[in-house]
Amino acid sequence: MRDGYVLKVATKNYTGSMIRARRLPGLIMVVIALASLADAQTRRAPVKKPAPRPVAPKTSTPETTCPSRLGMGVRTIRSFCDIPSGRDPAQGVVVTFPPHTGPVTLSFDLHARHTYSEELVTSGKGYARYRAVIGVLSMKGDLIERAAVEGEFRSAKDLFDRIGGGAGPGGVKAVAPVGDEAIYITVPAGIDTVSLLGETLDAITPAGHETVVMPGRPVAIVSNLLVEYKPAPPSRKR
């Protein structure tokens, strides 16, 4: 009986050891899985902050200094300005941009400059043809880009508009814009102010053919000045 008891106890111990041995790998796998899960949670990728929204471009009328402002158009209600010839940017049509970042798109309408005469038109001698070239310069005198306009005049129907404030019939001025060329110029970043200056003028008028341009003489007319830009971010307060 004692030997049988010992055998029975030994068998029981052996069986328990076998069961524990079988359970041990499973427990180890559970421990490893829990450790891996904890490590994965510890090494979880940081939450990315949303990217800042891109700044939408803005279009506005820039601040303009016109050396010879002609007046407002009767039909278009635009402000027309003479573009003088010359080399000094301070003497031209000076355009100042709002605070911005990156390049700026400057747009405007360029017109030939015509002096209207009802008498010449009635007599059939009012024909005129113009080709004017201007430059867009930095205030240091560096050429950014050129622009040109061509226009022909035969009758009052060829005028782009009439300018009010004159002594002529209907209270309009004799000087009037002819032709309309839409100009778009990309101004590089870092430039806040540009100047429009006349370069050449080729004109055929009842007075003859003229190609010489004296400094200070107006060669073309500009209107509808606009600037498209990305506003500069607001300054940070301390």
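**Charged side chains and their surroundings**

Modeller: Glu199 counts as partly exposed, at 31% relative accessibility, where buried means under 20% relative accessible area, exposed over 50% and partly exposed in between (1.4 Å probe, protein chains only). This is a predicted model, in which local features need pLDDT of at least 70, side-chain atom pairs count only at pLDDT 80 or more, and totals for chains, interfaces and linings use all residues. Residues are numbered from 1 along each chain as its sequence is written, and side-chain values use heavy atoms, with hydrogens and water left out.

The side chain of Glu199 meets that of Arg146 in a salt bridge of 2.7 Å, N to O, a salt bridge being a side-chain nitrogen of Lys or Arg within 4 Å of a carboxyl oxygen of Asp or Glu. Arg146 is in strand S8 and Glu199 in strand S10, so this pair ties together parts that are 53 residues apart in sequence; helices (H or I, at least four residues) and strands (E, at least two) are DSSP runs, numbered from the N terminus. By the same rule the count comes to six salt bridges. Another of them joins Arg131 and Glu150, with the closest N and O atoms 3.1 Å apart, and it links strand S7, which holds Arg131, to strand S8, which holds Glu150, across 19 residues. Arg131 is partly exposed at 36% relative accessibility, whereas Glu150 is exposed at 55%.

A further salt bridge, between Arg78 and Asp109, brings the closest N and O atoms to 2.6 Å. Arg78 lies in the loop between S3 and S4 and Asp109 in strand S6, so the pair ties together parts 31 residues apart in sequence. Asp109 is buried, with a relative accessible area of 8%. The two side chains are also joined by a polar contact of 2.6 Å, a polar contact being a pair of N or O atoms within 3.5 Å, of which, within protein, one must be able to donate a hydrogen and the other to accept it, while residues adjacent in sequence count only if both atoms are side-chain atoms. Not counting residues up to four places away in sequence, Asp109 touches Arg78, Asp180, Glu181, Ala182, Ile221, Val222, Ser223 and Asn224, with contact meaning heavy atoms within 4.5 Å. Asp109 and Leu225 are 116 residues apart in sequence, yet 7.2 Å apart in space, C-alpha to C-alpha.

Two other aspartates deserve a look. Asp82, in strand S4, is buried, with a relative accessible area of 4%, and its side chain is joined to that of Arg113 by a polar contact of 2.8 Å. Beyond its neighbours within four places in sequence, Asp82 is in contact with Cys66, Ser68, Leu70, Val93, Arg113, Pro218, Ala220 and Ile221. The side chain of Asp161 does make a polar contact of 2.6 Å with the side chain of Thr76.

Among the residues in contact with Asp161 is Ile77, which is placed in the loop between strand S3 (69–72) and S4. The phi of Ile77 is near 55°, a positive value in a residue other than glycine, and Ile77 is exposed, with a relative accessible area of 57%. Asn224, one of the residues touched by Asp109, likewise has a positive phi, near 55°; Asn224 is in strand S12 and is partly exposed at 33%. Most residues other than glycine have a negative phi.

As for the nonpolar surroundings, the largest nonpolar core has 38 residues, and those with the most contacts inside it are Leu106, Phe108 and Leu110; such a core is a set of buried Ala, Val, Leu, Ile, Met, Phe, Trp, Tyr and Cys residues joined through side-chain atoms within 4.5 Å. Its largest share, six residues, comes from S12. Phe108, leaving aside neighbours within four places in sequence, is in contact with residues including Ile134, Leu196, Asn224 and Leu225.
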